[in-house]
Each structure stands twice: as C-alpha cells, then as structure tokens.
Amino acid sequence: MIAGQATAKYVRTSAQKAGLVLDLIRGGDVNQALAALQFSRKKIARDIEKVLRSAIANAQQKPGFSGDVERLYVSACYADQGPSQKRVRPAPMGRAYRVVKRTAHLTVAVAERPAKAAAPVKAATDAAAQAPRARKSAKTGGTTAAKKK
C-alpha cells in the first residue's frame, strides 16, 4: 500500500480551529476532500488544501504507485499545537493584557485503497442476505398467500 504525508509547520492559527476543518476530510476520498476544502468558508481551509495537495504529490512520487489518484484517500489528518507568541496589550489604569498568538503544525497523510474484487464478494453477500428472509417465512408458517385463505 502506497502512502504519502505532508506537514506544514508554524501555521498562524490555533490547532482547535484547524481540527474543525480536518474533521471534514478525514477518511474521505482525495477528490471529495479537495472539493470540501475549496468550498469551506474557513480561512485555514486554504492552508490545509496546500498540505493535502503536497501529500498527494508525495504519494505519486513513491515507487510502486499505480498512477490512479482516484484510489487515494485521506488516511490521517491532525493539527498539533505549535509554539505560541506572547504579546502584551495595554489595558486601562496602567495594566497590561497578555495576547497569545497561537500556531499549529498541520499533518495530512494519504494512502492508496487496495484494489477491489467486487464480483465474488457481492454474490456471497446477496446469498447471505436472502437466507434470513427464507427462515422468517418458514417460522411464520409459510407464505402470505397461505395466510389469506
């Protein structure tokens, strides 16, 4: 399985605000994640989109990549807290308020989904899904046509 990862450090936002947007894309396909970030109203979505595109490019450069970007999905994404800049803001009566300007480290990891073998698995699933129905009709005493008589 091919995987790629990208990190942006010292992004000027709090990790909590970035985490709200990262929750939208976690576990989804790469194309859906890019669309969600493009239409998000949060300012941090632009920075996350850059990191996601970088992770996709990193995965494409790995040896053994199938070349199909459609199979990539966001396997992990998180925001860690970075160093905070402490500033002082003047306050009334000679006091001072502390202003904390937070930073975050954004990490996005993408991985390639394994190829699907859909035909044999689907047939087995259909047979298993129909088996309980047959047992229910046997328990109730037959078909509905027999009950109507």
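## Basis

Local features in this predicted model need pLDDT of at least 70, side-chain atom pairs count only at pLDDT 80 or more, and totals for chains, interfaces and linings use all residues. Residues are numbered from 1 along each chain as its sequence is written, and side-chain values use heavy atoms, with hydrogens and water left out.

Helices (H or I, at least four residues) and strands (E, at least two) are DSSP runs, numbered from the N terminus.

## The sheet

Pairing requires at least two DSSP bridges between two strands.

Strand 2 and strand 5 run antiparallel and are joined by nine bridges. In this part of the model, Ala76 sits opposite Ala109 of strand 5.

## Helix 1

Helix 1 spans residues 15-25. Its buried residues are Ala18, Gly19, Val21, Leu22 and Ile25. Buried means under 20% relative accessible area, exposed means over 50%, and partly exposed lies in between (1.4 Å probe, protein chains only). The buried residues pack against helix 2 (30-38), helix 3 (44-60), strand 2 (72-81) and strand 5 (104-112). Contact here means heavy atoms within 4.5 Å.

Just after the helix, Gly27 has a positive phi of about 85°.

The whole structure holds four salt bridges. The criterion is a side-chain nitrogen of Lys or Arg within 4 Å of a carboxyl oxygen of Asp or Glu.

One of them joins Arg113 and Asp29, with the closest N and O atoms 3.3 Å apart. Arg113 belongs to the loop between strand 5 and helix 4 (118-139), and Asp29 to the loop between helix 1 and helix 2, so the pair ties together parts 84 residues apart in sequence. Arg113 is partly exposed at 32% relative accessibility. Asp29 is also partly exposed, at 27%.

Glu112 and Arg71 form another, at 3.9 Å from N to O. Glu112 is in strand 5 and Arg71 is in the loop between helix 3 and strand 2, so this pair links parts 41 residues apart in sequence. Glu112 is buried, with 6% relative accessible area. Arg71 is partly exposed, at 27%.

Glu49 is part of helix 3. With 14% relative accessibility, Glu49 counts as buried. Neighbours within four places in sequence aside, Glu49 contacts Leu34, Leu37 and Gln38.

The side chain of Glu49 also meets that of Arg53 in a salt bridge, at 3.1 Å from N to O. The two residues are four apart in helix 3, which means about one helical turn separates them. An α-helix has 3.6 residues a turn, so residues three or four places apart point the same way. Arg53 is partly exposed, at 49% relative accessibility.
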